[in-house]
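Hello,

Here is the structure I promised to hand over. My notes follow below it.

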Amino acid sequence: MAPNDDKQIAQTSAGKARSCRNALRHGLTLVNRHNPVFAPEVEEIAKKMCGDDQDPLLYEQALVIAECDLLLSRVRAHTVVLTERLSD
């Protein structure tokens with residue numbers, strides 16, 4: 001599969017469905033601020049982003065960014081695991 005094939009697959013309905021199933025299988029859909037497992041970490045990251053600012057809109061945006069940051073960290077960690085598994 002060429003590097004651009006993944007991008008093309010993700011643009012089709014079948015590709016989007018496949019991507020969704022992969023995310024479900026790997027537990028990536030569970031990473032959100034409403035999940036009690038991840039909420040404390042998401043909130044901690046968001047509070048660090050806001051510092052002393054008490055603006056609720058800023059905090060809401062920081063929560064979204066923190067959620068994405070945590071998700072990307074988990075994706076990177078999963079990528080490392082898969083890469084190591086394939087290299088063995």
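Is E60 buried, partly exposed or exposed? E60 is partly exposed, at 37% relative accessibility. On this scale, buried means under 20% relative accessible area, exposed means over 50%, and partly exposed lies in between (1.4 Å probe, protein chains only).

First, the ground rules. This is a predicted model, with residues numbered from 1 along each chain as its sequence is written. Local features need pLDDT of at least 70, side-chain atom pairs count only at pLDDT 80 or more, totals for chains, interfaces and linings use all residues, and side-chain values use heavy atoms, leaving out hydrogens and water.

Confidence

The predictor's confidence in each residue is its pLDDT, from 0 to 100. The protein averages 82. A score of at least 70 is reached by 81% of the residues. Confidence is lowest in helix α1 (residues 3-11), with a mean of 56. It is highest in α3, at 95.

Overall layout

The protein has 4 helices and 0 strands. Both are DSSP runs, numbered from the N terminus: helices are H or I with at least four residues, strands are E with at least two. Along the sequence the pattern reads α-α-α-α. Of the 88 residues, 19% count as buried. The accessible surface comes to about 6,800 Å², by the Shrake-Rupley method with a 1.4 Å probe; for residues, only the protein chains shown count as cover. Carbon and sulfur atoms own 58% of that surface.

Contacts are heavy atoms within 4.5 Å. Take those in the protein with a separation of 6 or more: residues 24 or more positions apart account for 43% of them.

Salt bridges

A salt bridge here is a side-chain nitrogen of Lys or Arg within 4 Å of a carboxyl oxygen of Asp or Glu. The whole structure holds 3 of them.

E60 pairs with R33, and their closest N and O atoms are 2.7 Å apart. This pair links distant parts of the chain. E60 is in helix α4, R33 is in the loop between α2 (13-25) and α3, and 27 residues separate the two.

R33 also meets E67 in a salt bridge, at 3.5 Å from N to O. E67 lies in helix α4 and R33 in the loop between α2 and α3, so this pair ties together parts that are 34 residues apart in sequence.

The other salt bridge joins K48 and E44, with 3.3 Å between the closest N and O atoms. Both residues lie in helix α3, 4 residues apart, about one turn of the helix. K48 is exposed, at 62% relative accessible area. E44 is partly exposed, at 43%. Through shared partners, salt bridges join R33, E60 and E67 into one network.

What else does R33 touch? Leaving aside neighbours within four places in sequence, its contacts include A39, V42, L63 and V64.

The core

Nonpolar side chains tend to be buried together in soluble globular proteins. A nonpolar core is a set of buried Ala, Val, Leu, Ile, Met, Phe, Trp, Tyr and Cys residues joined through side-chain atoms within 4.5 Å. The largest one here has 10 residues: V31, F38, V42, I45, A46, C50, A62, L63, A66 and L70. Two elements give two or more residues to this core, α3 (39-50) and α4 (56-87).

A62 is a core residue in helix α4. A62 is buried, at 4% relative accessibility. Beyond four places in sequence, A62 touches A46, M49 and C50. The C-alpha atoms of A62 and K47 are separated by 7.6 Å, and the two residues are 15 apart along the chain.

C50 is another core residue. C50 is buried, with a relative accessible area of 9%. Not counting residues up to four places away, C50 touches L58, Y59 and A62.

Cysteines

How many disulfides does the structure hold? There are 0, where a disulfide is a pair of cysteine sulfur atoms within 2.5 Å. C50 is buried, whereas C68 is partly exposed, with a relative accessible area of 40%.

Best wishes
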